[in-house]
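Thanks for coming. I will keep this short, and the structure goes up now.

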Amino acid sequence: MKNTYKDEELVEMMVKGNETALDYLYKKNYKMMTNLIVKNNGSEEEAKDIYQEALIVLWQKVSSKDLVLTSKISTYLYS
């Protein structure tokens, strides 16, 4: 696995069903996402659940070609 991927590469990987993209995104954005949720009175367990759900939605939208990405993937997940 490479150390870094461009968003376009990650989307292409997800379209092909390559779960390495999810693993990479999970690790890359985990701290940012959990910090956001914990700072807004959520627990770390809730943060993990919410983040996993966000990644599943991203995967489903990319797989169904229903995603119009107008920002970075990290911004999409953050929102």
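**Helices and loops in the model**

Asn 41 sits in the loop that joins α2 and α3. Before going on, a reminder that this is a predicted model. The phi of Asn 41 is positive, about 70 degrees, although the residue is not a glycine. Is Asn 41 buried or exposed? Its relative accessibility is 76%, so Asn 41 counts as exposed, the cut-off being over 50%.

There is another case in the loop between α3 and α4, and that is Lys 65. Here phi is near 60 degrees, again a positive value in a residue other than glycine. Lys 65 is exposed too, with a relative accessible area of 67%. A glycine with positive phi also turns up: Gly 17, which follows α1, has a phi near 85 degrees.

Two packed helices are described by the angle between their axes and the distance between the axes. For α2, residues 20–39, and α3, residues 44–63, the angle is about 135 degrees and the axes are 9 Å apart. The two helices are therefore oblique to each other; the cut-off for roughly antiparallel is over 145 degrees. The crossing of α2 over α3 is right-handed.

Which residues make the contact? From α2 they include Leu 22, Leu 25, Tyr 26, Tyr 30, Met 33 and Ile 37. From α3 they include Ala 47, Ile 50, Tyr 51, Leu 55, Leu 58 and Trp 59. By class, the contact between α2 and α3 has 13 nonpolar, three polar and two charged residues.

Next, α1, which covers residues 7–15. Its buried residues are Asp 7, Leu 10, Met 13 and Met 14. They span an arc of only 120 degrees around the axis, and this puts them on the same side of α1.

Leaving aside residues up to four places away in sequence, Leu 10 touches Tyr 5, Ala 21, Tyr 24, Leu 25 and Ile 73. Of these, Tyr 24 is 14 residues from Leu 10 in sequence, and their C-alpha atoms are 8.7 Å apart. Leu 25 has already come up, as one of the α2 residues in the contact with α3.

Conventions:
Residues are numbered from 1 along each chain as its sequence is written. This is a predicted model: local features need pLDDT of at least 70, side-chain atom pairs count only at pLDDT 80 or more; totals for chains, interfaces and linings use all residues. Side-chain values use heavy atoms; hydrogens and water are left out. Axes are lines fitted to C-alpha atoms, for helices over the stretch in contact, and angles run from 0 to 180 degrees between N-to-C directions. Helices (H or I, at least four residues) and strands (E, at least two) are DSSP runs, numbered from the N terminus. Angles under 35 degrees count as roughly parallel, over 145 as roughly antiparallel, 65 to 115 as roughly perpendicular and the rest as oblique. A crossing is left-handed if the near helix is turned anticlockwise from the far one by less than a right angle, and right-handed if clockwise. Contact means heavy atoms within 4.5 Å. Ala, Val, Leu, Ile, Met, Phe, Trp, Tyr, Cys and Pro count as nonpolar, Asp, Glu, Lys and Arg as charged, and the others, Gly among them, as polar. Buried means under 20% relative accessible area, exposed over 50%, partly exposed in between (1.4 Å probe, protein chains only). The arc is that of the directions from the helix axis to the C-beta atoms.
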